[in-house]
Amino acid sequence: MGIKTALPAAELGLYSLVLSGALAYAGRGLLEASQDGAHRKAFRESMRPGWEYIGRKMDVADFEWVMWFTSFRDVIIFALSGHVLFAKLCTMVAPQLRSWMYAAYGALAVLGTMGPRYLLLLLSHCVGLYVASLSGQPWLCLGLGMASLASFKLDPLISWQNGFVTGTFDLQEVLFHGGSGFTVLRCTSFALESCAHPDRRYSLADLLKYNFYLPFFFFGPIMTFDRFHSQVSQVEPVRREGELWHIRAQAGLSVVAIMAVDIFFHFFYILTIPSDLKFASRLPDSALAGLAYSNLVYDWVKAAVLFGVVNTVARLDHLDPPQPPKCITALYVFADTHFDRGINDWLCKYVYDHIGGEHSAVIPELVATVATFAITTLWLGPCDIVYLWSILNCFGLNFELWVQKLAEWGPLARIEASLSEQMSRRVRAIFGAMNFWAIIMYNLVSLNSLEFTELVARRLLLTGFPQTTLAILFVTYCGVQLVKERERTLALEEEQEQDKEKPE
């Protein structure tokens, strides 16, 4: 109720003003804190000289980001540029062989980067799951897939398999876990699709062409086998009108985002400050809330940049890859919360939707979420923090359904029915604001640290109650209303487009 209801323009304008002012105020506090802490001893390991001519240091606490755009940047550019070049030549000369070219180039890149023994290790897992797919038993394929994934996540098998990598370099561990983990998910998808469509008779060659597509190999995103196979098998792919313009725009946005992050880290040390809890505890409440929020926004930007670069290459290859994750700013329900849309689609298709059905019954939903987060825990690597993160997010997803069921209960449903649609939207936005901060706190546990999460929760909910708590909830409420307004506008535009396409 109230989903498609518009609020008065003046009210939305007030929400925009409140939200803009609050973000500016929190940003000012973070900027001052970054300036004050730039020369602290605790910051030295996570800082390096930046723009020295204006006296700015740079936050380099994120190892992966620094490696991607410094020492490993040239390798990434070289490998992806080579892929684009050979793919274009093959599409022009022999388009029916382009899937083979993708696989050959990807396999050679893995061979040159990680060594022949690592390549043979992955091939053994591919062959094992291919053989399992011949049985036509989905439970066997999924079970073997999870066993293969566990072998890359749990000792002693992980230590033994790690020995197959030759040489040492900065991103060796990241590439090992990324390549092996995504390989298992891709092979499992292949096996499950083979079981679902026995009449199509997929071959081992189809699996290898799917797995060794280089842009997706190490870092994803993952496309389910059925989507990838149908798209890559087109002999003469045709681009939609304006598609090249969108590809160039996506590439430009990725470059702009990389530059924006670089500039941001010269002024806001959002990754280093949480590591010094003594310093972080002295921040004003508004700055501390902004710090927690900005940590999740950065993780989204990081994923959007990575997938944006990879997806640009994939679109040049006439593929339609998974979209970047939904921005954390636009999230106020756990059902939409994910940081990797490809893995989210994989889990939904093979586990969550398969068990949960329409996601309207309490018990099937509980079983579906427990199974989904059990596999997610295995994917992330079992440890105490991951266990806590999974339990919290599993609870959040189920709690939403419980609240929805409670809202449909007779007395409460009658109370909401007595409200105007605008008031119903306002009431729902209050719960959305509380849910928004639950999403932030539950995910801050894994993205930062448990100690920092405890500090934020204590300051915002206990020592800051009621002034800080209510002020932050009101600001968040304003943001949720603006997001709802954007969703309402998009829904109306979609309906109008559908009406235009209907025959008169």
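This is a predicted model: local features need pLDDT of at least 70, side-chain atom pairs count only at pLDDT 80 or more; totals for chains, interfaces and linings use all residues.
As for overall dimensions, the C-alpha atoms fill a box of roughly 65 × 65 × 50 Å when taken along the principal axes. The radius of gyration is 24 Å, which agrees with the value near 23 Å that a compact globule of 504 residues would have.

Let me turn to the domains. The domain assignment divides the protein into domain 1, made up of 9-54 + 251-497, and domain 2, which covers 71-233. The centres of domain 1 and domain 2, taken over C-alpha atoms, are separated by 31 Å, and the contact draws on 25 residues from domain 1 and 34 residues from domain 2. How much area do domain 1 and domain 2 bury between them? The figure is about 2,600 Å², with 73% of it on carbon and sulfur atoms.

On the polar side of that contact, there are 11 residue pairs in polar contact between domain 1 and domain 2, counting pairs in which both residues are at pLDDT 80 or more. Looking at which elements of domain 1 touch domain 2, those that give two or more residues are helix H14 (285-316), helix H15 (341-356) and helix H16 (362-380), and H14 provides the largest share, eight residues. By class, this side of domain 1 has 17 nonpolar, four polar and four charged residues.

Now to the charged pairs. Side chains of opposite charge can pair when their charged atoms come close. The count between domain 1 and domain 2 is two salt bridges, and Lys-349 also forms a salt bridge with Glu-193, where the closest N and O atoms are 2.8 Å apart. For the protein, the count comes to 11 salt bridges. Which residue forms a salt bridge with Glu-11? The partner is Arg-426, with the closest N and O atoms 2.7 Å apart, and this pair links distant parts of the chain, since Glu-11 is in helix H1 (residues 9-37) and Arg-426 is in helix H19 (residues 421-447), 415 residues apart.

I will finish with some details of the backbone. Most residues other than glycine have a negative phi, and most peptide bonds are trans, so the following places deserve a look in the model. A cis peptide bond joins Asp-155 and Pro-156, with omega at about 5 degrees, and Pro-156 is found in the loop between helix H6 (138-151) and helix H7 (157-162). Another cis peptide bond joins Phe-465 and Pro-466, again with omega at about 5 degrees, and here Pro-466 is found in the loop between helix H20 (450-463) and helix H21 (467-501). Where does Arg-201 lie? Arg-201 is in the loop between helix H8 (172-196) and helix H9 (204-211), and although Arg-201 is not a glycine, it has a positive phi of about 50 degrees.

Note on methods. Residues are numbered from 1 along each chain as its sequence is written. Side-chain values use heavy atoms; hydrogens and water are left out. Domain bounds come from an automatic or database domain assignment. Contact means heavy atoms within 4.5 Å. Buried area is the accessible area (1.4 Å probe) that two parts lose on being put together, summed over both. A salt bridge is a side-chain nitrogen of Lys or Arg within 4 Å of a carboxyl oxygen of Asp or Glu. A polar contact is a pair of N or O atoms within 3.5 Å; within protein, one must be able to donate a hydrogen and the other to accept it, and residues adjacent in sequence count only if both atoms are side-chain atoms. Helices (H or I, at least four residues) and strands (E, at least two) are DSSP runs, numbered from the N terminus. Ala, Val, Leu, Ile, Met, Phe, Trp, Tyr, Cys and Pro count as nonpolar, Asp, Glu, Lys and Arg as charged, and the others, Gly among them, as polar. The radius of gyration is taken over C-alpha atoms; the globule rule is 2.2 Å times the number of residues to the power 0.38.
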